[in-house]
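Thanks for coming. Please have a look at the chain on the screen before I start, and keep it in view while I talk.

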Amino acid sequence: MSNVTMSNDPLGRRLVFTAKAVREAFEDTLHQAGGSLGTWVVLSALSDEGVISQSALGSHVHLEGATITHHIDRLEQLGLVRRQLDPKDRRVRNLELTAEGEQLHKNLLAAMRGFERKMLDGLGDRELTGLRKTLDRISANLS
């Protein structure tokens, strides 16, 4: 039997509402910095991976074809990403950040670092290590 202590406030409920508050604050921070969650996900993946095919990007960020296409179309219209035909396979479209996309990613990354500092204020290294392990265990238990 588990050593989980039950209370009137189930931990799952508390975790769900905390996650909701974190996501809302996260998205608000992105919006204030000139982005959105979709923008952040795509720009971060392109920043990490460099030039990547649209289908590989969709797999990397766990978004299906139509959804990733919508985000990329919007970001391309804003001048943040560039699509180019792959010279080795004309059926493949490669994506890369433009200079404007790189700058927005830097701005969003700085905003996210500030957000994380605020969110984790008062937690020590041991607590953060424990939190990461706990979240990993919860994810593993749910897979």
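I need one definition before anything else: helices (H or I, at least four residues) and strands (E, at least two) are DSSP runs, numbered from the N terminus. What you see is a predicted model, where local features need pLDDT of at least 70 and side-chain atom pairs count only at pLDDT 80 or more, while totals for chains, interfaces and linings use all residues. Residues are numbered from 1 along each chain as its sequence is written, and side-chain values use heavy atoms, with hydrogens and water left out.

I begin with L142, which is in helix α6. Is L142 buried or exposed? Buried means under 20% relative accessible area, exposed means over 50%, and partly exposed is in between, using a 1.4 Å probe and protein chains only. L142 has a relative accessibility of 72%, so it counts as exposed.

L142 also belongs to a nonpolar surface patch, together with L15, L123, L131, L135 and I138. The accessible area of the patch is about 500 Å²; such areas come from the Shrake-Rupley method with a 1.4 Å probe, and for residues only the protein chains shown count as cover. Patches take residues with over 30% relative accessible area and no salt bridge, joining like charges within 9 Å and nonpolar side chains (Val, Leu, Ile, Met, Phe, Trp, Tyr) within 5 Å. A salt bridge here is a side-chain nitrogen of Lys or Arg within 4 Å of a carboxyl oxygen of Asp or Glu. Helix α6, residues 125-142, gives the most to the patch, with four residues.

Now to the inside. A nonpolar core is a set of buried Ala, Val, Leu, Ile, Met, Phe, Trp, Tyr and Cys residues joined through side-chain atoms within 4.5 Å. How many residues does the largest one have? It has 21, and L43, L46, L57 and V81 have the most contacts inside it. At least two core residues come from each of α1 (11-32), α2 (37-49), α4 (65-77), β3 (89-97) and α5 (99-119). Helix α2 gives the most, with five.

Take L43. Contact means heavy atoms within 4.5 Å. Not counting residues up to four places away in sequence, L43 touches L75, L80, V81, L97, G101, L104, H105 and L108.

Next, the aromatic rings. Rings of Phe, Tyr and Trp (its six-membered ring) pair if their centres lie within 6.5 Å; planes under 30 degrees apart are stacked, over 60 edge-to-face, and the rest tilted. By this rule there is one aromatic pair. F26 and F115 form it, edge-to-face, at 5.6 Å centre to centre with 75° between the planes. Because F26 is in helix α1 and F115 in helix α5, the pair ties together parts 89 residues apart in sequence. F115 is buried, at 12% relative accessible area.

Also in helix α5 is A111. A111 is in contact with T29 and A33, leaving aside neighbours within four places in sequence. From A111 to H31 is 9.9 Å, C-alpha to C-alpha, although they are 80 residues apart in sequence.

Last, two histidines. H71, in helix α4, is buried, with a relative accessible area of 15%. H62 lies in the loop between α3 (54-60) and α4 and is exposed, at 71%. Most residues other than glycine have a negative phi. H62 is not a glycine, yet its phi is positive, about 60°.
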